[in-house]
Amino acid sequence: MKKITSIYILTGLLTIGAVTSCKKDFLERPPLDQLSETTFWKTPNDVYQAVMAVYNQLPGDGIIYEDGASDNAHAQYPWESSATDVSAGSLTSTTDAGWSFVDIRRANYFLANADKVTTIDAALLERYKAEVRFLRAMFYSRMVNKFGDVPLITTVLTLGQENVKRTPRAEVVKFITDELEAVSKILPQAYAGGKPNEKGRITKGAALALKARVYLNEGQFQEAADAASQVMTLGYSLFKVDAEEAIDAKDDYSKWVTFANAADEKKFRLGLRSYEALFHKVNEGNNEVILDRQQIDQKDANFLNTYLLPGTIGGWSSVTPTQELVNSYGSYKTGEAVTPTDPAQRAAWYIAKNPAFANEYKNRDPRFYASILFEDSPWNAVEDDYKFNWVQGASNMSLTGYNFRKMVDPAIYRLQVDNYANVILIRYAEVLLTYAEAKNETSGPDNSVYEALDAVRTRSGMPAVDRVKYAGKDALRVVIRNERRVELALEGQRYMDIRRWKIAPQVMKTINNIKNTQAQERVWNDRFYLMPVPQNEVDLSKGVLTQNTGYN
Amino acid sequence: MYKIWNPNLCLQKRGVTKLLLVMKLTILLLTTVILQVSANSFAQKVSLSEKNAKLTKIFDKIRLQTGYDFMVTKSTLKNAKPVNIEVKDKEFLDVLKMIFADQNLNYSFSNNAIIVSEKPFSPNFPATIIKALINVTGKVLDEKGLGLPGATIKIKGTKRVDITDATGRFNLKGIDENAILVISYLGYDSKEVKADAAAEMVITLTPQNSSLNEIVIVAYGTQKKTSLTGAIATVTPKQLKDRPVTSIQNALQGISPGLTILQRPGDVSRDAAASTAVSIRGRGSLVTTAGTGSPMYVIDGIPASAQEFATLNPSDVSSMSVLKDASSAALYGSRAANGVIMVTTKRGSGDKTTVELNANYGWQSPTKIAHYAGSVDYTTLYNEALTNAGAAPLFTDEQIQWYKDGSKPDLYPNTDWYKEVLRKTAPLSDINLNINAPGKITNSYLGLSYLNQESIIPNRSQDRIVAKLNTETTIVPEILKVGTNFSFINQNFDRSGNMAWTELNRSLPTSVFRQSNGEWGSIDNGKANSQTAGRNQVRMIDESGKGWDRDNYLQTAANATLTPINGLSINGLVSLKYTNGNSWAFNNTMSPINDFLTGKPMASTQKVQNDMLEYWRKRKELLVQGTADYERTFGKHYGKVTLGASQESNMYRTALVGRKNFPNNDMTTVVSGSSNPEDMNSDADGQANRSNEEDWAMRSVFGRFNYVFNDKYLLEVNTRIDYSSRFRKDVRQAVFPSFSAGWNISKEDFMKNVNWVNNLKLRGSYGSLGNQEVVRVGNYYDRLNTGYQYSFEESPQGGVWSDKISNPRASWEKVFMTNIGIDLTLFNGKLDITTDYYIKDTKELLMRVPALATIGVNTSTTDAVNSGLPLSNGAATRNKGFEFAVNHNNKIGDDFTFSVGGNFSIINSKITKLGAGNEVVDGKYIQKIGESIGSFYGYEAEGLFVDAADVTNHAFQTVNTKPGDIKFKDLNGDKKIDAADRKVIGNDVPWLNYGFNINATYKGFDFSILTYGVAKVKTYLSEEAAYPFFNGANLKEQWLNRWTTANPDPNADFPRILTTAAGAHNYNPISSFWLFSGSYFRVRGITLGYTIPQDVSKRIGLSKLRVYGAANNPFTIMGDKRLADYDPESGSGRGGYPGMKTWSIGLSAGF
């Protein structure tokens, strides 16, 4: 019996002990793989890392879809972006063209908390904040471009506060430009390099250049010209190469261009290479770059090589040039616009494999050869003896007959990894063209306007603008606009350009391929000047958010 | 025929042999059915018309009419008198009485024979075996005290058998005074009693099959089935024994309405649980994350994962209970909102050691598989799609002709990629061995099983070893018992290459699979194409790499039961589970495919970098639990109290390592890869070289009180209080009470005379349950995200950000369930009916309250991983359901027994509260007050536009609308189709679930069939599943029946064909056009088995041998013909591993 009693006691103790003998905080289980806000915002490194998370929201390779939504290019896959619907005119009030405040919240979150850190150098903190304020201004400029009036939110909203009215466009623009003006006075012109002053961070130049862009988009030409001319004093220059790579030298352009002499050929070839190599990894951070999205090998690459190349060499042909873009490249010989071949004639020649088909592609702007893959165009850099040939129909092939080669990095393509060249978001050539346009619009052509235009043209080997022929403001406007289209093709500017110039109704027309059959049916409606606020947002706001005109 | 035999065994050897032979034959043929035969045959009618007939002649006639042989010796009959008899259709027993009335003979039943002997019994036996003989009378009663006519009375150890008369009485003369009577009757438990001549014996039999005396497992204990008040479905050991099943899911299948088991025997994978979806009483939660909506599993009293349940071997299972209502599940409180499935495994029982071996081998093949168009259809329809979009045809007539005649297979092939890539069938084998060893002090049970399953994707297989050892040791007899459970699961999954279904589905018939020179295909539609060449999934399987998963689960548990005084038992349980998983994947470098036309390598088909990823996972779960039970009976009152407490903690830690650039493709460990920083490999989740951990813990106390009065009135009260680490301190506690009551109407006096009702019980319960699974660990902390964000100067930088808004007050979801049920057993257990009606109110349901995008986080209300919105307790749903199950057991003739069952359940679900709002539209779904969960929201399709006039006359849709497009109904009549014209168009939750099952045995044969069906449910198919040429893919053959200009049928199966890139089509707007009826009726399983007669199997040393063939999902009837390639139980139609059917053969042997 004693034994049994002891078993009772033992078992009882064990049971009671097991159930009750536990740590005091047994039920307190903080997340072990995530930081908690209560322990963050202490050290300078905390601030450094929080800034990184805002930089993360910078746009990148997605800018090509902005051109896909314009007359420059065809974005063929509706699941990749809203550009397919926008260009086709099939967008409805439920289309979401980017109504998002995620990036803005990240910036606001940083700005609301950064001051908690007291151990950081005050000037450095101020600079960090200026960088983030720039980023927030940039995020807002994207929203204004797409939607016009947008709720202007500068604090971290808690749930329940988010039903905010749309702020009038002018007010948002004023906020953006005021912020850019303010941060341009804080940000350095350049960075020394090394943590935390790495090259690639937001500079004074970026703030001013973005300000110029925003003003230009709003039609405030005087302010745009002023901001641009400020940038022009900061020491940026257009990128140029003075020699060709060996692999590039193998490209035979004598079939395409009638060179006057060896010097002419050199001018052509270096012009082409200067323009093309500007976007390549090896020339990252060159003196033309004002802001670029940083990319690194494997860890954080862009998909431009994949999006742009044809399926035959492993790409998707996601965004491909239109015939209209091809037509806009002027004559290498005269610098003037060319008359494109009649579409029916082009198709007939193409189908019949008539050599006359190639004539259209001869003696064009070097940027044409640097930007567009057209039938039989050579490109040894991407593959030995490569010549582009359009394969129609099969998956991942262009529907227009052309592919882009601009912004593709053939050297990285050969390494079989994704393109990790930085994506340029603002470069000096744009500033020059902004200046030229804004100045021309405010006070008509003057030397500074021609100089800005010529700088851009001659870098690529094109002749200077005929100052006699284009002496008038209106005549020069045509040149400037085409120059902007050609120089900045695929860089995301065309979407706003055709809107602010009010030419979208004329240019957003059904596009055909080189066989003159339809590549994409397009219709234009004036409501497309602005994108719709997604209908579910309008509904959810119970009338606080208004819809843009034409989408009801 | 009658047998003449001589009782003088010593003298007539020949007779002995003959007798033995006769007996042997009789036993051989009839042993298995003795009792049934004798019981039933008394009801036979006999007609005789004889005058002065010899008794032997009468015997012959009776034999012809009844099949009974008479066993009699010549000497016995020497004094027999001739018989005069004239009967018509008279009871056999009565006839016998008449025949023997004047004879000096006795008769008795033995097997299928009637033994005739002299009266009184011969006194000529040797003195040594003479014993005192007695005469015994008595009656056999059923559970209600009514006489049981035809019950068999056997005298143990002899061949002597009698049966009761019409009033249940028997009269045995001249039997041994120590004789043991074995009384049996079909449907009742046999009973052994000592013969007693002193008074009339009264023997009451208890029904066996009505399962009234079954002990069922309930939360933290067991209960008699008669005293249950909750809605509990059970699978008894007997059922498991009678209905051999090959999987644990099949064992549950069809046992109870409201229990839905969708088997998706998908691809082999490390997650066996993923292939089966179990749900009890429908969906309640609005948020769907992994694990929500699935019931809680409890194996041997220990909460278990769906994975552990799915890998259970059915032969290791002793019994199962499904707790459906709040009252029965209440003691599992916070995790029982979706019901509980409890399993106990065997732990050694019976009176001797048994060894059983089961093995089966099967062939899996797809139930339904996509049929993609061949080259001719593809090219022709592609041209049509282009023409429809206003573009020019792409494929020339000449090319289509080449596809047609197959004259240029190197350029214009017709490749059936499904055929090239997939296997037609894949084997599946399963073998298990179990040893059941009862012992004086320790009982033990050992179960071992091995499963090997291959995939229809080549070179992909898994094998699994499960070992289970249970013991039960008596330390102090009657007072202390200690038990242990060990189980070990080792699961290996191996694959070669990376087969991607989306890539396979995009492969075109116009792409060459292999060129005639033996190289991989490089040509698509006559031209080299590195995209299509690189897509070749056979090459991907052969060359792109390999991977494996190794998972081990170890569970150790010990329990002790102490019974210090009668009625009190104290139980303790400690369980430690340890899971260790390891996954590895290597992606090879690959050499390029050569261009067939130029012979040059196609650079982008090359892969120049190899890489490796390796995951480590470890989980530790510790459970400590103690309960105490005290039960007492005072007169007609019975009471039982259960009190308990438990504590659980769970730790889950994972790590990932990986690198790129290994010297060759044969490396197996990460260390041999490049150590450059940029060669650190990563997965979609972030970077390699990381570890993560997630911990949670729970503490609970609970109690139950049962009260029964006079076996008629039952009452039960339960309460559980839970504390979970998932919630902040102030909202951590939750109390889950429940009540239930039952009334055994059949025990009432007024039912005494209603013979055909064996059991009638009315049950009712109300209670609350909780759900904590929806809330993620660490919910109430303001968490910040960390990880790679940006880089400067080629150096990657981590960042910190906040993209989730927290709601520290998020708390338990609560389920309030009312259940009313009736259990009915009729006709001695031949008919069983169970029916339940319930209302399941889920309140304080966690939902993401829709917020405007201006809040600045991902505002999806359904994407649990990415949404930045917090969960808050804002919504409520109400499920109402009706469940009905009926079972009929019977036999026809002597050898044919069968049971037929049917059940259905109707579920009606409604959202009753949605935070502050009325509706949330999310993609194609809407959550709306008054509507069911899972409602589709969109336009109502009215067929297709016939012609241009039709388009013009109809409300304006878009500028692109053309004849052949889907016509949407203008609901508000404003002559334009816009968001205001949308409505609820269907629902993806089946309203009706039903099933039938049949089990039958005939002699050694057994047969069972299980079916399952759902009705009134819709499926929405889009993208690859429904659209042609989606993202460059092929199209399915169903599209051949589409709208065309030649046949502008407004009711064609599909609209005018367009490529998805042509923005003009209106496939994308959510409309009822793409809603397909998801109703189906499926034969879930068929088994046909044959048990070799025991004397044959004994000869080869087996106590039992059964061979069988089985089929899983062999036939399906679909409600919608357009769903030609869609298995109704596969989650989505977007194209993935198809649903599987299995045909298998197997054997089970006992030693």
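How many strands form the open sheet with the order β48-β49-β50-β53 in chain B? There are 4, and their pairing is antiparallel.

Before you start clicking, note that this is a predicted model, where local features need pLDDT of at least 70, side-chain atom pairs count only at pLDDT 80 or more, and totals for chains, interfaces and linings use all residues. Residues are numbered from 1 along each chain as its sequence is written, chains are lettered from A and ligands numbered from 1 in the order in which they are written, and side-chain values use heavy atoms, with hydrogens and water left out.

**Stop one: the antiparallel sheet**

Select 919-922 (β48) and 983-987 (β53) of chain B: these are the edge strands, each pairing on one side only. A strand here is a DSSP run of E, at least two residues, numbered from the N terminus, and two strands pair if DSSP finds at least two bridges between them. From one strand to the next, the twist averages 40°; the axes behind such angles are lines fitted to C-alpha atoms, and angles run from 0 to 180 degrees between N-to-C directions.

Click B:Val921 and you'll find B:Ile926 of β49(B) opposite.

**Stop two: the mixed sheet**

Hop over to β10-β7-β13 in chain B, an open sheet of 3 strands with mixed pairing. Select β10 (169-176) and β13 (201-204) of chain B: each has a single partner strand, so one side of each is left without a neighbour in the sheet. The twist here averages 30° from one strand to the next.

Finish with β7, residues 133-141 of chain B, which pairs with β13(B) in the parallel sense over 4 bridges. Pick B:Leu141, whose bridge partner in β13(B) is B:Thr204.
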